[in-house]
Amino acid sequence: MAAKERAIPAPMTNPETEPFWEAAKQGKFLLPWCVETNKAFWYPRAVSPFALNGKVEWREASGRGTIYSVSVMKRAPEVYAIAYVTVEEGPTMMTNIVECDFDKVAIGDKVQLTWRPTEDGPPYPVFKPAA
Amino acid sequence: MSINGKAYIVGAYEHPTRLAKDKSVAQLHAECAHGALADAGLSIKDVDGYFCAGDAPGLGPLAMADYLNLTLKHLDSTDMGGCSYIAHVAHAAEAIAMGKCKVALITLAGRPRSEGHSGAVPRIRGADAPDTQWEFPLGVATVNAYAMCAARHMHQYGTTAEQLAWVKVAASHHAQHNPHAMLRDVVTVEQVVGSPLIATPLHRLDCCVVSDGGGALVVVAPEIARSLKRPLVKVKGAGESMKGQMAGAVDLTYSAGVRSGPAAFAEAGVKPADIKYASVYDSFTITVVIQLEDIGFCEKGQGGKFVADGNLISGVGKLPWNTDGGGLCNNHPANRGGITKVIEAVRQLRGEAHPKVQVKNCDLALAHGTGGLLGSRHGAATLIMERE
């Protein structure tokens, strides 16, 4: 039987990031892009990190990525994997790896976006091994 | 314009407590302040500049300055996490060089051990911080943030768990001589890699202690330093920086030390090879490996080899390091290891370190640290000091 998975607490959202979480409720994974430089970035923000007064646009992302680094937290009520995943569109984001073998999950593994419900909050983006 | 030679560290005090259930945080700050001023041969009324960071209770520097009954011309509460106090020495030197104050007091104190803190428990570092909603729910604690750096460094450069373990082994060799150290038993590489995994690939013995305590420093103008009876420890150079996730261009293999280190060496006019003793913040073993590379003691990726085989052990290796036992064995007050790094460097420059770990003719020392989380966003500060 699979071990109990760590519950993800609801994110503290704010008006700046509302579009991301509204889309998340529809199962859509959005990435923020700087229109000026045509570059995606992470974490989401309304002000471009690349260009002065650069317009920021939300675009639906592939959800495909590769593990850049990962650490399995053993000293916790439920073992979980924290990771950085580099998504196909470019940026590297902090996330969890779920539905994986904690003894085998490794840097370089291909992963696919999935969602986890949060209590009283929007679903949260995490990754699982790619099929 | 440079701070080289413009200020001297004349007072340094490390609180002997490691568990302070019967004291308040303000009281610990004040006891450290009094200890450092007494060490310098100065009094409360001599202080005209005060420096503290986020561990100080109350609004910025105001509550502690009032508690201590200071009359000030200069205040600074720059907070870049655990390395803040290394930066404070440089900021104090800058203020002194500009004539803003003459006697600067820096304090740090906290009681995370009494309060039950753990580096394995996720905590919110500012509910309104823009990154919190993207990271806190994921269970980013302290240890797993650093563990991701270790995992990547191992993947990219072939660094091994045994090499990381040598950092702890060196700290333990030094701590056996420190009667105040929390962990005084000498450990082996086998014991470190055989200790339980906390967050892969870091083991229990790759992690620093959680302790109560604190420390304080007094930085003064040259004419005041010369009027006192303490050895002259000159501020020679400093650098500071920060590094974050660079909007998604995450690279966990290096730190802001790549900027703070070279800036400090340039200002001091010396090279890493000239340094006789180095204090480098050891929140985790991996922190030391990455920092030593970044500030220039070895090539990027060679940090594991550099720390191995006792190279950091005083009297054994080429770079005597954290001779008080560091955060890994001695103490880690307020979960912030910056001030103790400067304090041990001052002891070494004065010739007041424990005789078993004192570096011979120690006339040039470095203190370096990071603050915040190496795995997400962190500050870095480097300080070079010279015995005159």
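Predicted model: local features only at pLDDT ≥ 70, side-chain atom pairs only at ≥ 80, totals over all residues.
Trainee: How many residues does helix α5 of chain B have, and how far does it reach?
Mentor: Helix α5 of chain B covers residues 143–157, which is 15 residues. From its first C-alpha to its last it reaches 21 Å, close to the 21 Å expected at 1.5 Å a residue.
Trainee: Why is α5(B) described as largely enclosed?
Mentor: Because 11 of its 15 residues are buried, α5(B) is largely enclosed by the rest of the structure. Among the buried ones are Tyr146(B), Met148(B), Arg152(B) and His153(B).
Trainee: What do those buried residues pack against?
Mentor: In chain A, they pack against β4 (64–73) and β5 (80–87). In chain B, their partners are α6, β5, β6 and α10.
Trainee: What about the contact itself: how many residues does each chain give?
Mentor: Chain A gives 35 residues and chain B gives 26 residues. On the side of chain A that touches chain B, the largest share, 6 residues, comes from β4(A). That side divides into 22 nonpolar, 9 polar and 4 charged residues.
Trainee: Which strand is joined to β4(A) by 3 bridges?
Mentor: That is β7 of chain A, residues 110–118, and the two run antiparallel. Arg64(A) stands opposite Gln112(A) in β7(A).
Trainee: And how many bridges join β7(A) to β8?
Mentor: There are 7 bridges between these antiparallel strands. Leu113(A) has Phe127(A) in β8(A) as its bridge partner. Their hairpin has 2 residues between the strands, and Asp120(A) takes a positive phi near 60° there.

Terms used. Residues numbered from 1 in each chain as written. Chains lettered and ligands numbered in written order. Helix = DSSP H or I, 4+ residues; strand = E, 2+ residues; numbered from the N terminus. Expected span 1.5 Å × (residues − 1). Buried ≥ 20, exposed ≤ 12 C-beta atoms within 10 Å, placed from the backbone. Contact = placed C-beta atoms within 7 Å. Nonpolar A, V, L, I, M, F, W, Y, C, P; charged D, E, K, R; others polar. Pairing = 2+ DSSP bridges.
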